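Here is a short report on a two-chain model.

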There are 2 protein chains.
Amino acid sequence: MEYAIGVDIGGTKIHFAAVDREGRIVDSHRVPSEAQLGADHVMSVVLKGVDATIKRLPSGAIATGIGVGSAGQINFETGTVEYAGSQLPGWTGTPITRILKEKFHLPAYADNDVNAIAVAEQMYGAGRGMNSFIVVALGTGIGGAIVEAGRVVRGALGCAGELGHVSVDFNGPTCENCGNNGCVELYASGSGIARIGRKIIAEGGGAVPWQPDSKEIAQAWLQGERYASQVMDIAIRALAAAIAGYIHMCNPQAVILGGGVSEAGAPFLNALDQEIKSRTSAAVRSAYRLLPAYVGNDAGVIGAAGQVWLYENG
Amino acid sequence: MEYAIGVDIGGTKIHFAAVDREGRIVDSHRVPSEAQLGADHVMSVVLKGVDATIKRLPSGAIATGIGVGSAGQINFETGTVEYAGSQLPGWTGTPITRILKEKFHLPAYADNDVNAIAVAEQMYGAGRGMNSFIVVALGTGIGGAIVEAGRVVRGALGCAGELGHVSVDFNGPTCENCGNNGCVELYASGSGIARIGRKIIAEGGGAVPWQPDSKEIAQAWLQGERYASQVMDIAIRALAAAIAGYIHMCNPQAVILGGGVSEAGAPFLNALDQEIKSRTSAAVRSAYRLLPAYVGNDAGVIGAAGQVWLYENG
């Protein structure tokens, strides 16, 4: 039996798993990243976790390779960290796959964590059998991953997929992260929804210093509260405008929605789909489907490992 | 000597040429499309033009294949017209490559006309040696073509590349073509610039019924006229916001600007580049260059023919 070793590296924890060709996890554990101790320490945590996972494989089982998904911008060709922010201090420049290959003498792959989720969805999830789709990851920010002609689009430096920094208002507020105006992240991410919520509550003249987070706003929206309808209307229209633009650009087969949207569930998905449909021309509208992400909380580590099977023949 | 036969099909005329591997035209002629006479007639014009071009090849020369670029949405896989609007009535559904193969017994390829221009830029122009770039074609509308991993991105139905229908204001005016709000085409295309010009002149209280077109506005901008600065400021910011969004999505090596922008020349290119740079994060900003299209008025037919060389080995 062959297994791929998957590693999902985030700012707070690192997730290790042995995963078979069908995407089933046979062994899994999470440890703290201890990112504040620097890149060398994080890499030593990675090496230790991979080593432990290989040693715990069932007797007679073979480790075929190692696949890493990491926060930050990863250059897939070189397996090196192109850029990582404050989440992983000092991580920029780390030659992840070179270190893994030297230590374990196995094929190794490294990509951005949202790209790894796209691999999981492509191999085992909502994007199965599809050649062109986008994964939209709604969280505190908005991440994205693009699959075209069956391959993840990485771009010149491995930074592709930043759907959150698509502008939906060129006269809108300046985005502190990228300098563009009216990035969709400012309206439809968790922090964006909370921001708009504060603004609308303040405009409503409420003297109560009440600052709901995006989950509370989504819940209030489901219960029909008026302020929340105003907030979610803005979020849905902004997100639909960005996705509609992408659909016109790339004419995909699917838009796969993942991340913290689950608390708003089917009503959110349906409202968003209606709005996207009203913003797309007939041909591209007929081609795409809006789908919820299929692979759950383990998508990161399953997709990280999945790279081993996806790329083993080049 | 081998030649590819290129055919560039537009709503008003069809351009034929015999093109060598280096992109040099040895024989070229244009005929009226007579599109109002219907698809069968247009196809008969195409067959006649290809036949004449092959017959006029230098003695001993070989026709290696036929490449077509056509207005409308073309399904490259099937070589069939997915959708064409009023520019080519009845053209939808025409199996272009099947008809060409039956008649001439040569390999045949068909793609959208802006995708053909991207092939020309990739093989002989500003995108030479690049794996990832976009062509932005500024005309009455805004067209686009995306190259990723060295191949034109076509999408599920061959409709990819519609940069003009990327929204830059989700609360903006409704686009009659696609239903989205605030499509960049409404601000930065030839018709968009003229529209904004009329609005700004009217707001200025001018009683003169003066309606400059986009070329006049671009000229007035170069001469420092105040109303034109306001118009072009909007056009440049809107276009930069859309391109910046694309750069965050796809992290390309280049943005190649073609079409009717030439009348505003280097000042326009420089102003746009400044604006794009201010709207992109450091990593993706360092990776891209804004370049003027290199291949001139013959780019359509050269790229159409170029498909024969680009795809001859699959």
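## A glycine in chain A

Gly143(A) sits in strand S9 (residues 142-148) of chain A. Helices (H or I, at least four residues) and strands (E, at least two) are DSSP runs, numbered from the N terminus. This is a predicted model: local features need pLDDT of at least 70, side-chain atom pairs count only at pLDDT 80 or more, and totals for chains, interfaces and linings use all residues. Residues are numbered from 1 along each chain as its sequence is written, chains are lettered from A and ligands numbered from 1 in the order in which they are written, and side-chain values use heavy atoms, with hydrogens and water left out.

Gly143(A) is buried, at a relative accessible area of 17%; buried means under 20%, exposed over 50%, partly exposed in between (1.4 Å probe, protein chains only). Leaving out residues up to four places away in sequence, Gly143(A) touches Val114(A), Val135(A), Val136(A), Ala137(A), Gly161(A) and Leu163(A). Contact means heavy atoms within 4.5 Å. From Gly143(A) to Tyr187(A) is 44 residues in sequence and 14 Å in space, C-alpha to C-alpha.

## The sheet in chain B

In chain B, 5 strands form an open sheet in the order S3-S2-S1-S4-S7, with mixed pairing. Strands S3 (25-32) and S7 (108-112) of chain B are at the edges; each has a single partner strand, so one side of each lacks a neighbour in the sheet. The twist averages 15° from one strand to the next. Two strands pair if DSSP finds at least two bridges between them. Strand S4 (residues 62-70) of chain B runs parallel to S7(B), joined by 5 bridges. Gly67(B) has Tyr109(B) as its bridge partner in S7(B).

Two helices lie across strands of chain B. Helix H2 (residues 96-104) of chain B lies across S4 and S7, at about 155° to S7(B). Axes are lines fitted to C-alpha atoms, for helices over the stretch in contact; angles run from 0 to 180 degrees between N-to-C directions.

## The interface

Chain B brings 50 residues into contact with 50 residues of chain A. About 3,500 Å² is buried between chain B and chain A, 60% of it from carbon and sulfur atoms. Buried area is the accessible area (1.4 Å probe) that two parts lose on being put together, summed over both. In chain B, Phe170(B), His248(B) and Met249(B) lose the most area to chain A, together 22% of what that side buries.
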